[in-house]
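Colleague: I am new to this structure. Please show it, and then I will ask about it.

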Amino acid sequence: MAPQGSQAELEFGGPLGAAALLLLLPATMFHLLLVARSGPARLLGPPPYLPELEELWSPWALLLCLTWLGLQAALYLLPARKVAEGQELKDKSRLRYPINGNPIYDFFLGRELNPRICSFDFKYFCELRPGLIGWVLINLALLMQEAELRGSPSLAMWLVNGFQLLYVGDALWHEEAVLTTMDIIHDGFGFMLAFGDLAWVPFTYSLQAQFLLYHPEPLGLPLASVICLINAVGYYIFRGANSQKNTFRKNPSDPRVADLETISTATGRRLLVSGWWGMVRHPNYLGDLIMALAWSLPCGVSHLLPYFYLLYFTALLVHREARDEQQCLQKYGLAWRAYCRRVPYRIVPYIY
Ligand SMILES: NC(=O)C1=CN([C@@H]2O[C@H](COP(=O)(O)OP(=O)(O)OC[C@H]3O[C@@H](n4cnc5c(N)ncnc54)[C@H](OP(=O)(O)O)[C@@H]3O)[C@@H](O)[C@H]2O)C=CC1
Ligand SMILES: CC(C)CCC[C@@H](C)[C@H]1CC=C2C3=C(CC[C@@]21C)[C@@]1(C)CC[C@H](O)C(C)(C)[C@@H]1CC3
C-alpha cells in the first residue's frame, strides 16, 4: 500500500497501459480461440478466419452463462459455508481515497477493494467459483467431445484434464488461502479481475484441451510418466510453499513452522528466511510455473499455441512478483532488504 499522502504508483503502465489492455486482452483471447480451432493452429500471425457476426451471438449461450452464474451465486449463498476472517488493514480500518483523474485506469484496476452487497463478496465469489469451476467443466466437455469424435479420449487429454482438475480442486480445498492473495488484499475489483476470473481463466486456461480436440497428439506411457512426475514436482513445491507461508501467517507457533528461521520487521510481522521461502522469494510461483509446463507438454512440441499459457503465466508472475516486491518494500523497508540479501533469487534458484 502506498504511504498515506504520497502519489500512489500507477501500475500496468497507468491509463495508457490500462486502455491498451482493455482492447488487447479480449482480442488476444478471441484470436487464441480461433487459432485453436484452425488446422495450422499458428499462434503468431493473423487469425485463420473471422466468423460471421451471427456466429458470435447466441441467446442460448448468454442464457447458459447467466444460469451458470446464478447457480454459482445460489451455491455461494448456501448458509452451510464456513465464514473466514479476512486480512486486517494496518490501522484496523479501511481508508478511502476519491481518485477521479484516471477513469480508464480505475476501470481496469478497480477501486473498490471488497465490493459487497450484504455478505455477497463479488471479488471473492468471482476469484474461485464461476471461472475456475467453469474451466474444468469446459475441459470435461472437450474430453467428452473427443470421446465422441475418436471413440475414446486420448491419453494427452486425460493428463491435461487430470492436472487442471487437481489444480482447481486444490484451490477449492484451500479456499481460505485465497484471502491472503494479492488480489484479495491489494487489488481492486475492476476489469482486470472481472475479465480475468470470468473469461480469461475458463477460455484461455482450457487452451491445451481445446488444442488437443482439434489436433490429437499421440503420447506414449514413458513420456506420459515423465510429464506426470513434472506436474507432481510442481504441485509439491506450489502446495508446500503456499501452505508453509499461510500456516506461518495464521500461527507462527504452529509446530510445522515454529522451527523455521525468520527475520523480524518493524510492523511486528516476521518474514520466513528458511524452508521454501529461504530457497527463493516466491517458491509458490516456481511450483506453479513447473505445473504450467506439465500442462503444455502433453500437446507435443509441433505448435506454439499450447505453450501460450506458460508464456503468458511467466510474464504474469514476473510482473506480479515485481509488484509484490514493491508492496513488501513499502511494508517492511530495511527488513525486506535484509531478506533480499539472504534470499537473492526471486522465482528460480540461481537464475532469476
Ligand atoms: N494460476 C494463475 O493464474 C495464478 C496463480 N497464482 C498463484 O497464487 C498463489 C498466491 O500468489 P500471490 O497472490 O501472488 O501472493 P503470495 O501467496 O506469493 O503472497 C505474497 C505475500 O506473502 C507474504 N510473504 C512474502 N514473502 C514472505 C516470507 N518470506 N515470509 C512470510 N510472508 C511472506 C507477503 O505478504 P504479508 O507479509 O503481508 O503476509 C507478500 O505480499 C501463488 O501460488 C501463485 O502461483 C497467482 C496469480 C495467478
Ligand atoms: C487478464 C489479465 C491478463 C490478468 C488476469 C489475471 C487473473 C486471471 C489471475 C490473477 C490472480 C489469479 C489467481 C488465480 C486464478 C487466476 C487469477 C484470477 C487462482 C484463483 C488460481 C488457483 C490458485 O490456487 C490460487 C492461489 C487460489 C489463485 C489465486 C490468484
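Colleague: Where is Asp170 found?

Modeller: First, this is a predicted model, in which local features need pLDDT of at least 70, side-chain atom pairs count only at pLDDT 80 or more, and totals for chains, interfaces and linings use all residues. Residues are numbered from 1 along each chain as its sequence is written, chains are lettered from A and ligands numbered from 1 in the order written, and side-chain values use heavy atoms, without hydrogens and water. Helices are DSSP runs of H or I with at least four residues, numbered from the N terminus. Asp170 is found in helix H7.

Colleague: Is Asp170 buried or exposed?

Modeller: Buried means under 20% relative accessible area and exposed over 50%, with partly exposed in between (1.4 Å probe, protein chains only). Asp170 has 4% relative accessibility, so Asp170 counts as buried.

Colleague: Which residues does Asp170 touch, not counting those up to four places away in sequence?

Modeller: Contact means heavy atoms within 4.5 Å. With residues up to four places away left out, Asp170 touches Tyr235, Phe238 and Arg239.

Colleague: Which helix gives the most to the shell around ligand 2?

Modeller: The shell has 14 residues, each with a heavy atom within 4 Å of the ligand. Helices H5 (122-128), H7 (155-173), H9 (191-204) and H13 (308-332) each give two or more residues to the shell around ligand 2. With four residues, the helix that gives the most is H9.
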